[in-house]
Amino acid sequence: MDIAEEALAAHADWKGKLAFDPKMDIATRHDLAVAYTPGVAEPCKVIAENPEAAYEYTIKGNTVAVVSDGSAVLGLGNIGPAAAMPVMEGKAVLFKRFGDVDAFPICLDTQDTEEIIETVIRIAPAFGGINLEDIAAPRCFEIEARLNDALDIPVFHDDQHGTAIVVLSGIINALRLTGKDTTARVVVNGAGSAGIAIAKLLLSYGFENVTMCDIRGILSSAYEGMNDAQRAMLAVTNLDDAQGTLVDAMAGADIVIGVSAPGAITGEMVASMADDAIVFAMANPTPEIFPDEAKAAGARVVGTGRSDFPNQVNNVVAFPGIFKGALQARAERITEPMKLAAARALAALVSDEELCEDFIMPDPFDPRAADAVAAAVRAEA
């Protein structure tokens with residue numbers, strides 16, 4: 001039985017990956033009176049006078065809504081809300097397993113921007129945070145920005161920022177290993193939600209030379225058909241206004257980060273990069289270039305999104321701790337300094353003795369990751 005067959009059989013057996021159990025016993029009339037009527041009226045009255053008390057008396061203080069419209073699910077695309085449920089359930093399981101944060105999957109039967117925003121605002125009182133998941137670009141940018149403005153709880157699109165944080169943590173350690181610094185030339189191939197978030201966070205960290213590409217080549221003043229988010233990036237990337245294809249962009253580059261398509265990078269393109277090249281090829285399940293080919297072409301450090309190669313770029317080391325720290329701090333939003341702090345905390349988990357070409361970021365099962373990230377986020381908040 002291969003992994004696909006095993007997963008299908010397991011999901012049929014589980015009938016969903018989540019179950020809900022009360023935290024108390026209701027075995028007597030007294031138990032019932034405390035947990036429900038008449039006793040429940042007391043916390044209700046306290047919260048009515050002070051809504052912040054909901055963090056103390058309800059699940060709000062440690063519960064996140066995992067919200068999707070099913071428009072950009074994994075590598076499957078626009079498969080709709082019902083088909084997105086297994087992924088959102090899985091995300092909720094990861095929140096609990098790695099960060100001890102409770103999460104609930106909410107798949108919305110709409111892909112209208114206004115309806116998504118209105119719905120999330122209406123359900124927000126029950127939650128301490130909103131994790132947006134698998135919502136297609138460019139709508140995801142507006143949805144996140146407007147919800148952050150409308151709500152007093154953190155709203156975080158993990159496909160953007162979780163990916164960016166883990167990428168930056170790996171890049172920090174790749175710089176440690178190669179002796180490069182933030183003057184390195186960086187190419188980000190893929191100008192969707194993840195690519196734009198990665199480029200923004202790298203710039204926030206201090207990188208000075210970032211160029212973005214998509215399937216038709218380098219984003220430049222001559223590039224037609226960009227969305228608003230891509231156009232905004234032109235003010236801070238490709239400052240020389242270079243034009244051409246990914247081949248042209250990668251020539252002489254120190255770092256290439258792929259969040260694009262299988263096979264988008266060739267060995268010849270890697271060979272054209274600077275010495276000690278760093279290649280993150282994160283298309284899933286088939287990367288832009290496989291590690292053995294990239295290394296044969298001269299790359300020193302290679303990361304992918306896969307668990308069967310070294311240096312897996314996996315959001316699970318980031319998002320549980322990010323929300324854990326934000327919830328503990330009762331943060332109203334997750335800021336750029338919090339993201340940078342999270343990336344630095346993850347990078348610091350790899351010691352000088354452990355650091356090598358095949359180990360530049362903590363393992364997804366590193367038990368220190370969530371607490372380290374939470375502490376960094378909480379301190380920054």
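Predicted model: local features only at pLDDT ≥ 70, side-chain atom pairs only at ≥ 80, totals over all residues.
Figure 1. When its neighbours within four places in sequence are left aside, Lys91 is in contact with Val66, Asn131, Glu133, Asp158 and Phe319.

**Figure 2. The two residues of the "active site" annotation.** An unreviewed UniProt entry carries an annotation, "active site", that covers Tyr36 and Lys91. These two positions are spread over 56 residues of sequence, and they are spread in space as well, with up to 30.8 Å between C-alpha atoms.

**Figure 3. The crossing of helices α5 and α14.** Helix α5, made of residues 80-99, and helix α14, made of residues 319-329, have axes that come within 9 Å and cross at roughly 70°. The two helices α5 and α14 are therefore roughly perpendicular to each other. On the α5 side the residues that meet the other helix are Lys91, Leu94, Phe95, Phe98 and Gly99, and on the α14 side they are Phe319, Pro320, Phe323 and Lys324. Sorted by class, the contact of α5 with α14 has six nonpolar residues, one polar residue and two charged residues.

Figure 4. How many of the 11 residues of α14 are buried? Nine of them are, and α14 is thus mostly covered. The buried residues are Phe319, Pro320, Gly321, Ile322, Phe323, Lys324, Gly325, Ala326 and Leu327. Just after α14 comes Arg330, which takes a positive phi of about 50°.

Figure 5. Lys324 is buried, with a relative accessible area of 18%, whereas Asp371 is partly exposed, with a relative accessible area of 45%. Elsewhere, salt bridges that share partners join Lys91, Glu133 and Asp158 into one network.

Figure 6. The side chains of Asp149 and Arg333 meet in a salt bridge, at 3.5 Å from N to O. Asp149 lies in helix α7 (residues 139-150) and Arg333 in the loop between α14 and α15 (336-348), so that 184 residues separate these distant parts of the chain. Asp149 is exposed, with a relative accessible area of 63%, while Arg333, at 36% relative accessibility, counts as partly exposed. In the other pair, the side chains of Arg300 and Glu357 meet at 2.8 Å, again from N to O. Here Arg300 is in strand β10 (residues 299-304) and Glu357 is in the loop between α15 and α16 (369-380), 57 residues apart. Arg300 counts as partly exposed at 25% relative accessibility, and Glu357 is partly exposed with a relative accessible area of 27%.

Figure 7. Most residues other than glycine have a negative phi, and most peptide bonds are trans. A cis peptide bond joins Thr37 and Pro38, with omega at about 10°, and Pro38 lies in the loop between α2 and α3. The peptide bond from Ala137 to Pro138 is also cis, with omega near 5°, and Pro138 is found in the loop between β3 (129-132) and α7. Asp100, although it is not a glycine, has a positive phi of about 55°, and its place is in the loop between α5 and β2 (102-107). Asn238, in the loop between α10 (228-233) and α11 (246-250), has a positive phi near 45°. Asp100 counts as partly exposed at 45% relative accessibility, whereas Asn238 is buried, with a relative accessible area of 8%.

Terms used: Residues numbered from 1 in each chain as written. Heavy atoms only, no water. Axes fitted to C-alpha atoms, helices over the stretch in contact; angles between N-to-C directions. Helix = DSSP H or I, 4+ residues; strand = E, 2+ residues; numbered from the N terminus. Parallel < 35°, antiparallel > 145°, perpendicular 65-115°, else oblique. Contact = heavy atoms within 4.5 Å. Nonpolar A, V, L, I, M, F, W, Y, C, P; charged D, E, K, R; others polar. UniProt positions renumbered as here; feature names shortened; annotations may be inferred. Salt bridge = Lys/Arg side-chain N within 4 Å of Asp/Glu carboxyl O. Buried < 20%, exposed > 50% of the residue type's maximum accessible area, 1.4 Å probe, protein only.
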